[in-house]
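Here are my notes on this model, written as numbered points so that you can follow each one with the structure open beside you. Please read them slowly and find each residue as it is named.

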Amino acid sequence: MKICLYNSILGEYTLAQSEKGLCGTWLQGQKHEFGAWNNEPKILEDTPLFKRVKQWLDAYFDGQNREIDFPLDLKGTPFQIQVWSILLAIPYGETITYKEIAKRISPTMSCQAVGQAVGHNPISIVVPCHRVIATSGQLTGYAGGIEVKKWLLKHEGVLK
C-alpha cells in the first residue's frame, strides 16, 4: 500500500492507494484509520493517482462538484460495500437518512447496522458518508468528528 499526505482546510489527511485504486482517506486522528487495510505495509510515495485525488480534493474544498475520475478500491464486507455504493450515489449538497439507506437494502434492515457500515467508510469525503443524517435531521456519528461533518455539510450548502 502506498500512502501520502494531503493538507486541507480541515487538517491533514492520509491518502492510501492499493494496486486497484484509492483505498483510503483519513483525517488525522480519525476513528478506524486504515480499517481493513491496517496490516498492510505502507510506503510513503506520491503517485499519479494521488496527484489526481489531490486535484479532486482541491476542487472539492474550492466548492466544485467534480465527478470521481479515478479508481476506488473499497475493501469491506459485502454489506459494507453495498452501503458504501449507496453513499456514492448521494448527490453533492444533499443528504439521506440511515433509515432511507436501510429501506433500500431490505424492509427489515437495521438502521444501526447501516450506521456501523457508514462509520467504517474508508474513503471519507470521496465516498460521502458525511451526507448521512438521522431521521430527525440531527447530525450523528462521523469518524472525523461531528464538527468536521458540520463543516462539510455547510460547505456543500446543506446547513446554514
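**Notes on rings, core and helix faces**

1. In this model, which is predicted, a search of the whole structure finds six aromatic pairs. One of them joins Trp-56 and Tyr-60, whose ring centres lie 6.0 Å apart and whose planes meet at 10°, so this pair counts as stacked. Trp-56 and Tyr-60 are four residues apart in helix H1, and are therefore separated by about one helical turn.

2. Ring pairs link Tyr-6, Trp-56, Tyr-60, Phe-61, Phe-70, Tyr-92 and Trp-151 into a cluster.

3. In soluble globular proteins, nonpolar side chains tend to be buried together. In the present model the largest nonpolar core has 37 residues, and of these Leu-87 and Ile-101 touch the most other members. Strands E1 (2-8), E2 (11-17) and E3 (22-27), together with helices H1 (48-61), H2, H3, H4 and H5, each supply at least two residues of this core. Which element gives the largest share of the core? That element is H1, which contributes seven residues.

4. Leaving aside residues up to four places away in sequence, Ile-101 touches Val-83, Ile-86, Leu-87, Ile-96, Val-114 and Val-132. There is also a second, separate core of seven residues, which includes Met-1, Ala-16, Cys-23 and Trp-37.

5. In helix H3 (residues 98-105) the buried residues are Tyr-98, Ile-101, Ala-102 and Ile-105. Seen down the axis of H3, these buried residues fall within an arc of 100°, so they line one face of the helix. The face of H3 turned away from that buried side carries the exposed residues Lys-103 and Arg-104. The buried residues of H3 pack against helix H2 (78-88), strand E5 (96-97), helix H4 (111-119), strand E6 (132-133) and helix H5 (146-155).

6. Helix H2 can be read in a similar manner. Gln-80, Val-83, Trp-84, Ile-86 and Leu-87 are buried in H2, and because they cover an arc of only 155° around the axis, they lie on the same side of H2. Among the elements that cover the buried residues of H2 are E5, H3, H4 and E6.

7. Finally, how many of the residues of strand E3 are buried? Six of its six residues are, so to speak, under cover. Strands E2 and E3 run antiparallel and are joined by five bridges, and Thr-14 stands opposite Trp-26 in E3. The hairpin of E2 and E3 has four residues between the strands, and in this hairpin Gly-21 takes a positive phi near 160°.

Note on methods
Residues numbered from 1 in each chain as written. Predicted model: local features only at pLDDT ≥ 70, side-chain atom pairs only at ≥ 80, totals over all residues. Heavy atoms only, no water. Buried < 20%, exposed > 50% of the residue type's maximum accessible area, 1.4 Å probe, protein only. Arc of directions from axis to C-beta. Contact = heavy atoms within 4.5 Å. Core = buried A, V, L, I, M, F, W, Y, C linked by side-chain atoms within 4.5 Å. Pairing = 2+ DSSP bridges. Phe/Tyr/Trp six-rings, centres within 6.5 Å; stacked < 30°, edge-to-face > 60°.
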